[in-house]
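Subject: Structure handover

Hi,

Here is the structure for you to look over. My notes on what turned up follow below it.

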Amino acid sequence: MDTFSQELAVLQKAYKKILAIGLMVFFLVLVFLILEIFKIVQILEISWKTIFGPITFVVVAVSLLLVLIFVYKCEQHRAVLQIEKTRRFTQFVLSRLSKMAFWSDYEGHFVYVNNAACQKLGYTEQELLNLKVFDIEDIFPFISWEEHWQKLKSSGNLVIESYYRTKNGKIFPVEIHETYIEFEGKEYNCTFVEDMTIRKESEESLRKSERFLTDIFESILDGISVLSLDLTVLRVNTVMEKWYSCHLPLIGKKCYTCYHGSNRVCDPCPSLRCLLSGKPENEIVAGLPGSPVEWIELYSYPMKNPQTGKIVGILEFVRDITQRKKAEIALEQSETKFRTLFNDMSEGVALHELILNKEGNPSDYRIIDVNPSYSKHTGIPMEMAKGILGTKVYGTEKPAYLDVFAKVAQTGEPYIFDTYFPPLKKHFHVSVVSHGKNCFATVFEDITERKKREQELHEKNAELERFTYTVSHDLRSPLITIKGFLGVMQQDLLSGRQDRILNDMKRISDAADKMESLLRDLLELSRIGRIVNKPIKISLDQLFKDAIELLSGSIKKKEINIVLYSGFPFVYGDPVRLLQVIQNLLENAIKYIGQQESPLVEIGMREKDQEKIFWIKDNGIGIDPKYHENIFGLFNKLDAKTEGTGIGLALVKRIVEVHGGRVWVESEGLGKGATFCFTLPCTAE
């Protein structure tokens with residue numbers, strides 16, 4: 001139990017004792033009074049009936065008087081006890097108060113100090129009561145105390161900041177709350193003092209932090225703007241003031257007014273979105289007309305109360321991206337030009353990056369981008385190439401031309417080459433250049449047709465050489481015959497041998513006919529390819545029937561069974577020339593049917609690799625495989641005894657090739673028959 005409680009208990013016990021004693025005295029006085037009355041009655045021998053009323057009145061009156069006196073004394077004592085209780089309670093509270101408490105009089109003498117004051121200042125209670133306010137506080141020299149006292153007296157309360165000095169001379173800041181009091185005719189200053197050391201240190205730390213944040217705020221090269229919830233500018237740094245100097249002052253205005261010269265919220269407004277979403281937002285917007293900042297990138301961040309989490313404002317970071325935006329526009333224009341060139345190039349273009357293995361050596365390459373012509377030249381859709389490894393795009397086990405591509409990508413030296421690419425079955429002319437570290441681009445074009453034409457030209461030249469040789473050889477034979485028999489005929493004329501002259505003339509005539517036939521066939525061959533009629537849609541089934549009808553005499557003569565299968569498609573070409581092809585092939589089959597007991601010629605069609613192949617098959621004498629190519633040459637005849645010049649199959653080959661097809665022969669050998677095959681376009685292309 002504390003001291004105050006103990007003292008209060010003692011007072012309460014004393015009050016109870018006084019109350020008990022008072023009651024005892026009252027009863028004793030009352031008894032004494034009654035006894036004395038009895039004595040008086042006996043002495044005077046007065047009748048009880050005569051004096052009972054007055055006696056009763058006197059007893060009651062005296063009793064009431066005693067009771068009133070007793071109650072008054074009790075109440076007086078209780079009031080004193082209550083005042084003492086209040087005084088002691090107040091003293092108890094003040095003694096335990098953490099703040100320093102002083103009572104001082106008009107002259108500055110301390111009349112009361114609490115324990116906190118003694119502990120903080122390092123004095124005992126008695127030492128402090130012997131001091132004045134001026135001894136611990138330098139703010140009030142004696143000459144200004146009177147002025148301060150009058151000010152306190154007139155206002156009743158004052159709050160001031162000052163410095164106290166401890167017994168050992170240490171000075172510390174304090175906040176003083178003074179109250180003027182008059183008690184029992186005397187004036188007092190009731191003072192409560194709070195040590196402000198920690199608060200001052202916190203304030204100084206806060207000021208340093210504020211200065212530090214202000215330094216950061218002002219040193220950031222980006223513009224910073226603090227907005228209220230209604231988008232009013234609360235604070236800006238010098239960068240914003242510099243950028244928007246034409247609208248100074250900025251603080252107090254709406255952000256859209258001072259930053260964008262508008263009287264309404266911008267659209268889009270990242271700060272408004274930030275308020276609605278509670279998340280950071282950003283936007284690129286045009287700057288204020290006339291400002292050096294033409295383009296800005298605006299980041300808006302919500303400022304939240306850490307206790308409640310509610311948004312209390314918006315922090316805007318504004319970055320000048322004028323140069324970046326101009327560079328982006330220039331880059332976009334350059335990209336547009338490049339992309340236009342890239343997309344419109346007739347050559348295929350593919351951008352690649354090398355794929356390196358763990359050792360840092362090239363192991364593959366990935367296609368980054370391709371232009372539309374890439375698909376035109378390769379037949380591979382763009383979406384099937386972008387972002388895919390070369391081995392997967394082209395279906396190769398090893399990346400094609402990796403050594404060449406890696407050298408260009410790593411050295412930067414361009415390279416040009418022609419190649420045949422088996423996976424695509426095409427010839428390409430390829431230019432390789434580097435467009436970055438471990439990156440390369442291929443610019444290529446499909447030269448398959450050119451190579452094909454070159455090959456055809458080569459074959460034509462070879463054919464021309466063979467043609468020249470053949471013509472010179474085959475045309476010389478009739479000339480030699482004519483020349484020889486002219487000499488013989490001259491001798492026969494001189495000798496008068498008329499019978500031999502007619503024979504010589506017949507030999508010369510036969511040689512001339514042969515030469516005419518050769519020249520006619522050569523002229524026909526030369527016309528093919530130079531005179532080409534416009535292709536039309538033709539019924540191949542009808543062409544076969546027409547050819548059979550034209551050769552019906554030879555077919556009947558050799559009793560050949562002709563089998564014409566159905567299902568032939570329509571083809572496109574010159575009907576006269578194509579009839580010539582079928583007639584030559586059918587005539588060739590009839591001519592070389594041999595001495596078969598059951599001669600048979602079949603005409604049909606098969607399909608392979610989505611290509612329709614037409615064929616004429618016989619069970620004739622067959623062809624040795626070593627002659628399969630030669631038979632399509634000029635004047636080549638496997639049997640010199642047969643009729644004709646040997647130019648028929650050469651005509652067939654030329655006509656079919658002019659129509660975009662192929663022709664070849666299939667035969668297992670002599671006596672095994674032969675099958676002549678050819679292809680023709682079934683579309684109008």
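Accessible areas here come from the Shrake-Rupley method with a 1.4 Å probe. On that basis the protein has an accessible surface of about 42300 Å². Carbon and sulfur atoms hold 58% of that surface. Please keep in mind that this is a predicted model.

Overall make-up. The protein has 685 residues, and 36% of them count as buried. There are 20 helices and 22 strands. Take the contacts with a separation of 6 or more: 52% of them come from residues 24 or more positions apart.

Nonpolar cores. The largest one has 37 residues. Inside it, L540, F544, L585, L586, I616, F676 and F678 have the most contacts.

The most comes from α19, which gives eight residues. A second core is separate and has 24 residues, including Y365, L402, F421 and F440. As a general point, nonpolar side chains in soluble globular proteins tend to be buried together.

Helix α19. It has 17 residues. From first C-alpha to last it reaches 24 Å, close to the 24 Å expected at 1.5 Å a residue. Twelve of its 17 residues are buried, so α19 is largely enclosed by the rest of the structure. Among the buried ones are R577, Q580, N584 and N588, along with L578, L579, V581 and I582. L586 is buried too. Leaving out residues up to four places away in sequence, L586 touches A547, I548, L551, V601, I603 and I616.

A441. This residue lies in strand β15 (residues 439-446). Its relative accessibility is 7%, so A441 counts as buried. Again leaving out residues up to four places away in sequence, A441 touches A350, L351, H352, S431, V432, V433 and H435. V349 is 92 residues from A441 along the chain, yet their C-alpha atoms are separated by 7.0 Å.

Aromatic pairs. The search of the whole structure finds 22. Two of them:

- W103 and Y188 are tilted, at 5.7 Å centre to centre with 50° between the planes. W103 is in strand β1 (residues 100-105) and Y188 in strand β5 (residues 186-195), so the pair ties together parts that are 85 residues apart in sequence. W103 is partly exposed at 25% relative accessible area, whereas Y188 is buried at 13%.
- Y565 and W615 are also tilted, at 6.1 Å centre to centre with 55° between the planes. Y565 sits in the loop between β17 (561-564) and β18 (570-573), and W615 in strand β20, 50 residues apart. Y565 is partly exposed at 37% relative accessibility. W615 is buried, with a relative accessible area of 14%.

There is also an aromatic cluster formed by Y365, Y394, Y401, F405, Y415, F417, F421 and F440. Y365, F421 and F440 have come up already, as members of the second core.

Charges over rings. Which lysine has its charged end over the ring of F172? That is K120, 5.6 Å from the ring centre. K537 lies over the face of F570, at 4.9 Å from the ring centre.

Best wishes

Notes
Residues are numbered from 1 along each chain as its sequence is written. This is a predicted model: local features need pLDDT of at least 70, side-chain atom pairs count only at pLDDT 80 or more; totals for chains, interfaces and linings use all residues. Side-chain values use heavy atoms; hydrogens and water are left out. A nonpolar core is a set of buried Ala, Val, Leu, Ile, Met, Phe, Trp, Tyr and Cys residues joined through side-chain atoms within 4.5 Å. Buried means under 20% relative accessible area, exposed over 50%, partly exposed in between (1.4 Å probe, protein chains only). Helices (H or I, at least four residues) and strands (E, at least two) are DSSP runs, numbered from the N terminus. Contact means heavy atoms within 4.5 Å. The expected span of a helix is 1.5 Å times one less than its number of residues. Rings of Phe, Tyr and Trp (its six-membered ring) pair if their centres lie within 6.5 Å; planes under 30 degrees apart count as stacked, over 60 as edge-to-face and the rest as tilted. A charge sits over a ring if NZ of Lys or CZ of Arg is within 6 Å of the ring centre and within 35 degrees of the ring normal.
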